[in-house]
Structure formats: C-alpha cells, structure tokens
Amino acid sequence: MSGLSGKRVLLIVAGGIAAFKVPELIRLLRGKGCGVTCVLTEAGRQFVTPLTLQALSEAKVYGDLFSLTDESEMGHIQLSRSADLVVVAPATADILAKMAAGLAGDLASTLLLATDKPVLVAPAMNVRMWLHAATQANLALLAARGVRSIGPDEGAMACHEFGPGRMSEPPAILAAIERLLDPPQLLKGRHALVTSGPTHEPIDPVRYIANRSSGRQGHAIAAALAALGARVTLVSGPVGIADPAGVSVRKVETAEEMLAACRAALPADVAVCAAAVADWRVANASGGKIKKRPGVAAPTFELVANPDILATLAAAGPQRPRLVVGFAAETDDLLANAQAKLARKGCDWIVANDVSPASGIMGGDENAVHLVTATGVEDWPRMPKQLVAERIAARIADVLA
Ligand code: CTP
C-alpha cells in the first residue's frame, strides 16, 4: 500500500499554460490512493476546465469564494482543514506575489492565507518573470515562512523562450509530495538522542536560574528525526511546548539531571545537543525558601560549573555516538566562537546561531544557522525552525543511512 493512501491534497490550480499537466498529476495522486480536492482560480479556468478536474479527482471543484452553497457546505477554512498538504500547481508569478503579500481576494488566495497545513508550490512562468527580482524576492520570503517549492525546470517554453520557468513534470511533483507526506524511513533502526530546552538551577525550592530557550529548535529536531524513522529519546528541560509525537521524552530540570538522563539513554547512533544548559548551578542553594529579613543583607550565591553534556557525550569512549552535534548560541564573533567550540567540545558538527536580541531567534519561530564541520562552514538562509530541523535531520541521515 502506498504511503499516500488515505492522505488528502488540496490542489490549487492557477492560470498558466502548465495547467495542462495538472490532470496527469491528479491521475498519479489518485493512483496512489490519495484524495484530491481542486480549487481552480478564474485565470486557471482559461487553461483547464472544472469538468476535467472533477472527473479525474472524483470530487467537487471549488472556485468562487462567494458561493453561498460552498460556504454552507464547506467553508474556505474547512477546505484546508481537511487536507494534509496544500499544493499550488502551477504557481504563477501572480499567485506567488499574492501569497507573499498576504492578499485574500479570491478563494485560492484566501485558503493560502488561512491554512496551517504545509504548502508546496510548483512555479511555472515565463523565464523573465521567473528571474525578475520581484518573483525571486517573493519566493525567498515564502521559503523563509516555510513554503516548500519544487522546480521550475529549465527548457523550451510555450512562449518560445528558453530557460528556467517550466513547471516540474507531474512525476517529480508527485515525488515531492511523497517526500512531505510519507518521508523515506532513512533512519529506521537508528537511535537518536536529542537534548532540548533550558535547564533550571535551583536557588531555593521556589527560585531558580534559567535562560530564554523555548526548546522549539530541539523539539523540532526530535520530530524531524522521528519522521525519518529514528527511535528518538528527547531529554528536555522545562518548556512550555507540547511533546513531539512518536518520541520518548525524559523530562528533567537541572543540568546534572539532563546528563544522567543522557547517559541512561546511551547507546545512541547520533546525539544532538540543542539544549541551552545552564553553565553554573548554585552551590549554596537553600533547602528552604530564603526569607528577606529587615536589616539583613541580600544573599550572595556561590556558583559552581555544571557538567558539559555535549563534551561528555563526545568523549564517551566506546559509548560515543557515531555523530555528535552541538549548537553554539552566540551574540558576538559567531563563527570564530563556533569553530573554537567544535574543537573544544570534541563534537563533529556545530550548528551556530546568533542569539543577540536583535536577531529575534531565541524564543522565536525562525532560525538562521551556519553548519560548522571540520571541513568548513555552510551558511543556511533564515527559515522556520521546523525547516532547519528537517535539513539537519536529512544531513544526519546522509551520514547514518
Ligand atoms: N552544552 C552542554 N552542557 C553544558 C553547556 C553547553 O551540553 N553544560 C552544549 C549545548 O547544548 C550546546 C553547546 O554545548 O550544544 C554549546 O552551548 P553554548 O551555551 O553555546 O556554549 P557553552 O559551552 O555554554 O560556552 P559559552 O557559554 O562560553 O559560550
């Protein structure tokens, strides 16, 4: 049985000559047991008829935002709610611009603004329109918001020009949909250990030292590794986000507890230390609540160094995971500090990110990272933490698969 069986794609068909390839895409999806609901824009109707799409998808084709019957039967929000993935094919320069600007003047653009599902676009347009700075800027903005894209391909175009702009062929779009809805289980049989979130170091039973880490990046990495079939142990400090599905979570508070949970989880094939571990704990933490008393000076705390979990895992001898990945959260001299950390901690990769307040990264939804390895530095564009996680997971699969 295909992994697409029982899944549902909401297919938005915009107005481009490449719409002639859409019936073939629907046929391929239906052949895999995937449900397809089509939304056809006004311009799309000039290239393909609702009847063709309806016959192939065996489902009603939507097109008019203001149809009262559609609204009562299935509102525009409901349409995307029942889908696992929204695909825009062909994605014209016009609909990409609408998506980037957040316009909602018709059903297709309203759906794209309202959806919380993953979106895949298959751009198709004249080569000059594709290369135009406006289109490229729109696509970069959409990518930073997590919109995935496939193509366009290069070749002869209907407008007698040559270059990039042809919509990818239906089998390639189908493969991209499969990668999203049914990722290959490249890490099946592998055990991944991930640390995430902050640690809390007690001062007394009601107070603690902490940091601003939200755990979003670490949790997303755990989820991305699990999506590739890995057995994942997530050792998490106190966070306000949900446990990722399909992952076993060990909840800890302090750095010492985190280290103990990591040791207990070994052996692992890969360790990803994304936690923002407190470097120090309070040596003279009080067993009872510290009270302020008139005339008594404010307390002073003696700090002692916490164990370095990343360095400990990287030096675990026969228990050392094959791949040990650390993070470097820096506010200054990002790459120099990251390279120094790679050597000092004995890990294989450092994912370096700028956490200065102006970057908005700590606690935010996006990340801009640099992958530092023994062979050099890769600069990745700013993108949602989920996409950073998927990319890190894919790179780990390259090494371990
Ligand atoms: N780390 C760890 N245990 C610690 C401190 C850090 O495992 N006690 C890990 C983090 O999970 C991260 C990497 O080490 O993968 C770097 O963390 P970071 O806070 O950037 O650096 P530090 O080692 O704390 O060094 P500094 O604070 O001097 O930058």
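Tutor: Strand 8 (residues 191–196) pairs with strand 11 (residues 231–236) in the parallel sense, over 6 bridges. Two strands are said to pair if DSSP finds at least two bridges between them. Helices (H or I, at least four residues) and strands (E, at least two) are DSSP runs, numbered from the N terminus. The model is a predicted one, in which local features need pLDDT of at least 70 and side-chain atom pairs count only at pLDDT 80 or more, while totals for chains, interfaces and linings use all residues. Residues are numbered from 1 along each chain as its sequence is written, and side-chain values use heavy atoms, with hydrogens and water left out.

Thr-195 has Cys-273 of strand 13 as its bridge partner. Strands of a sheet pair through backbone hydrogen bonds, either parallel or antiparallel.

Strand 8 is mostly covered, with 6 of its 6 residues buried; buried means under 20% relative accessible area, exposed over 50%, and partly exposed in between (1.4 Å probe, protein chains only). In a regular strand the side chains alternate between the two faces of the sheet. In strand 8 both faces are covered: one side carries the buried residues His-191, Leu-193 and Thr-195, and the other carries Ala-192, Val-194 and Ser-196, which are buried too.

The ligand is surrounded by 15 residues, the closest being Cys-273, Ala-275, Asp-279, Lys-341 and Lys-345. By class, the shell around the ligand has 9 nonpolar, 1 polar and 5 charged residues. Here Ala, Val, Leu, Ile, Met, Phe, Trp, Tyr, Cys and Pro count as nonpolar, Asp, Glu, Lys and Arg as charged, and the others, Gly among them, as polar.

A polar backbone atom of Ala-275 is 2.6 Å from an oxygen atom of the ligand, and a polar backbone atom of Ala-329 is 3.0 Å from an oxygen atom of the ligand. Lys-345 uses a polar side-chain atom, which lies 2.4 Å from a ligand oxygen atom. Taken alone, the ligand exposes 570 Å², of which the protein buries 80%. Helix 12 (309–314), strand 16 (323–330) and helix 13 (334–345) are the elements that give two or more residues to the shell. Strand 16 gives the most, with 4 residues. Accessible areas come from the Shrake-Rupley method with a 1.4 Å probe; for residues, only the protein chains shown count as cover.

Elsewhere in the fold, an open sheet of 5 strands with parallel pairing has the order 2-1-3-4-5. Its edge strands are strand 2 and strand 5 (148–149), each pairing on one side only. Strand 1 and strand 2 run parallel and are joined by 6 bridges, with Val-39 of strand 2 as the bridge partner of Ile-12. Strand 1 is joined to strand 3 by 4 bridges, also parallel, and Leu-11 has Val-87 of strand 3 as its bridge partner. Strand 3 is mostly covered, with 7 of its 7 residues buried.

Helix 1 (residues 22–31) has Val-22, Pro-23, Leu-25, Ile-26, Leu-28 and Leu-29 as its buried residues. These pack against strand 1 (8–13), strand 2 (35–40), helix 2 (50–57), strand 3 (85–91) and helix 9 (170–181), where contact means heavy atoms within 4.5 Å.

For the protein as a whole, there are 14 helices and 21 strands, and buried residues make up 48% of the 401 residues. The C-alpha trace spans about 80 × 50 × 45 Å along its principal axes.

Conventions:
A residue is near a molecule or strand if one of its heavy atoms lies within 4 Å of it. A polar contact is a pair of N or O atoms within 3.5 Å; within protein, one must be able to donate a hydrogen and the other to accept it, and residues adjacent in sequence count only if both atoms are side-chain atoms.
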